[in-house]
Amino acid sequence: MIVRVYLYLSVVSHSYNPRIKICCIQNEQEAADAISFGAAAIGLVGAMPSGPGPISDEEIYRIAQTVPPPVATFLLTSEQTSQGIIDHHKRTKTNTIQIVDELAGREYAVIRVALPHVKLVQVIHITGEEAVDEACELAEHVDAILLDSGNPKLALKELGGTGRRHDWRLSRRIVETCGKPVFLAGGLNADNVREAIETVQPFGLDLCSGVRTAGKLDLGKLEAFFAAVAGT
């Protein structure tokens, strides 16, 4: 029995594949293509101070309505007040909100009351050791944490889509300590994703530029990425 259990756990560990979120979706066709390859979630980017992929709230709403369950639709919002986020969601009607900047007053409870059936994901930008404590503190208020490589302290804020890799050792510490599902973003592609999975062991992976060419979803890169995740 011990041998059988050991073998079973070995198989589970070897076959572990995180959920994949394809971000910066531009239209209904890109959403359908991402889902056809196995995406568990798509990201729809609202107005941002910088970075790729923003589309209008009307386009976000239209795309979100075409996505079948159980695929998650993430609204990426740069709003920093609870009411601003609530209003943004009412215009877009996604099933998940990705808060890419600091929420004023940490009024997550206000959003919960207004939108009880919507999942909340807080982005933590890994700029140093302090991100570990920040992630663990904010994880208590949300359904998941997403680790990215932006810098909200710059004069022109970077809130995602940088294509840069951050310190995955810090990400691994957050996975081990925050107590909530963790998505990993930032510079992921087919060449480094297996290393990312083994190093961080995240619940999910989130990428934009790693599967795009000239701003458009590249089906060849998409296929290569999913194959790399599966180890094939």
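The structure is a predicted model, in which local features need pLDDT of at least 70 and side-chain atom pairs count only at pLDDT 80 or more, while totals for chains, interfaces and linings use all residues. Residues are numbered from 1 along each chain as its sequence is written, and side-chain values use heavy atoms, with hydrogens and water left out.

The structure holds 1 disulfide (a pair of cysteine sulfur atoms within 2.5 Å), and the sulfur atoms of Cys 24 and Cys 208 lie 2.3 Å apart. Cys 24 sits in the loop between S1 and H2 and Cys 208 in the loop between S8 and strand S9 (212-213), so the pair ties together parts 184 residues apart in sequence. Here helices (H or I, at least four residues) and strands (E, at least two) are DSSP runs, numbered from the N terminus. Cys 24 is buried at 5% relative accessibility, and Cys 208 is buried at 11%; buried means under 20% relative accessible area, exposed over 50%, and partly exposed in between (1.4 Å probe, protein chains only).

Turning to the other pair, the sulfur of Cys 136 is 5.8 Å from that of Cys 178, its closest cysteine sulfur, which is too far for a bond. Cys 136 is partly exposed at 24%, whereas Cys 178 is buried at 11%.
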